[in-house]
Amino acid sequence: MTAGEPGSHDFRTVDSRLIYRGAIVALRLDQVEMPDGRVVEREVVEHHGAVAVVAVDDDGQVVLIRQYRHPLGERLLELPAGLIDIAGEDPLDAAQRELAEETGLAAREWSVLVDVALSPGFTDEALRVYLARGLSETHRPPPEHEEADLELVRMPLDDAVRAALAGEIVNATAVAGLLALRAAEAARLPLRAAGAPWPGLPTALLRRQAAQQDSD
């Protein structure tokens, strides 16, 4: 079969098989038709959507957390963040919840900073990073698991950007959010409203889990 014009092929999934289903990921094996007519296997990790928050206080400092990440066996400097693992939950509500749970802070002003598809070669995982200003203290629920070991770190945005460029902040979410804020400020670019549409929000895993619950 001869391929058509570049960018015109319909990558049709001719078969799909579930390999594994867990609490925060599922793995499926898709059979996908390529432009030359061949059908090839593509492993796809389904993941919940996620939100993160670049919270900037009145002194211009960014609120970061230092959190243990078991796959790396290290504590990383990150943004407050968490999963959208409740069906129908509004991403902004999730971001506000995560900011309170991980830092004990609330914010008066919210906007969308950047949307990121984290590793589209093998997963549908995507996240939305919000900018939060006008911080104030709020109730923080008792932390559990790794969050019981969270360390709060505040630093000027310029220092955080330098840390990212120096390889001292390597969490992809944090790097994207910090550099996006610096770029937006430098170019005086407007940000999207906090409730802006998010067409890239992944929902496959939530739908799969809901269907499993209905069948139980």
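**Overview and details**

Me: How many helices and strands does the protein chain have?
Reply: The protein chain has 4 helices and 11 strands. Helices (H or I, at least four residues) and strands (E, at least two) are DSSP runs, numbered from the N terminus.

Me: What should I know about the model itself?
Reply: It is a predicted model: local features need pLDDT of at least 70, side-chain atom pairs count only at pLDDT 80 or more, and totals for chains, interfaces and linings use all residues. Residues are numbered from 1 along each chain as its sequence is written, and side-chain values use heavy atoms, with hydrogens and water left out.

Me: What box do the C-alpha atoms fill?
Reply: Roughly 60 × 45 × 35 Å, taken along the principal axes.

Me: And what share of the residues is buried?
Reply: Buried residues make up 41% of the 216 residues in the protein chain. Buried means under 20% relative accessible area, exposed over 50%, partly exposed in between (1.4 Å probe, protein chains only).

Me: What about accessible surface?
Reply: About 12,200 Å² for the protein chain, with 51% belonging to carbon and sulfur atoms. The areas come from the Shrake-Rupley method with a 1.4 Å probe; for residues, only the protein chains shown count as cover.

Me: Switching to helix packing. At what angle do helix 2 and helix 3 cross?
Reply: Roughly 125 degrees. The axes of helix 2 (residues 157-165) and helix 3 (residues 172-187) come within 10 Å. Axes are lines fitted to C-alpha atoms, for helices over the stretch in contact, and angles run from 0 to 180 degrees between N-to-C directions.

Me: So what do you call that arrangement of helix 2 and helix 3?
Reply: Helix 2 and helix 3 are oblique to each other. Angles under 35 degrees count as roughly parallel, over 145 as roughly antiparallel, 65 to 115 as roughly perpendicular and the rest as oblique.

Me: Which residues meet there, between helix 2 and helix 3?
Reply: On the helix 2 side, Leu 157, Asp 158, Ala 160, Val 161, Ala 164 and Leu 165. They meet Val 175, Leu 178, Leu 179, Leu 181, Arg 182 and Glu 185 in helix 3. The contact divides into 9 nonpolar, no polar and 3 charged residues. Ala, Val, Leu, Ile, Met, Phe, Trp, Tyr, Cys and Pro count as nonpolar, Asp, Glu, Lys and Arg as charged, and the others, Gly among them, as polar.

Me: Thr 173 next. Buried or exposed?
Reply: Buried, because its relative accessibility is 13%. Thr 173 is found in helix 3.

Me: What is Thr 173 in contact with, leaving aside neighbours within four places in sequence?
Reply: Ala 52, Leu 79, Leu 118, Leu 127 and Val 129. Contact means heavy atoms within 4.5 Å.

Me: Where does Glu 151 sit?
Reply: In strand 10 (residues 151-156). Glu 151 counts as partly exposed, at 40% relative accessibility.

Me: How far is Glu 151 from Ile 65?
Reply: They are 86 residues apart in sequence and 5.5 Å apart in space, C-alpha to C-alpha. Not counting residues up to four places away in sequence, Glu 151 touches Leu 64, Ile 65 and Arg 66.

Me: Last one. What is phi of Arg 188?
Reply: Near 50 degrees, a positive value in a residue other than glycine. Arg 188 lies in the loop between helix 3 and strand 11 (192-193). At 78% relative accessibility, Arg 188 is exposed.
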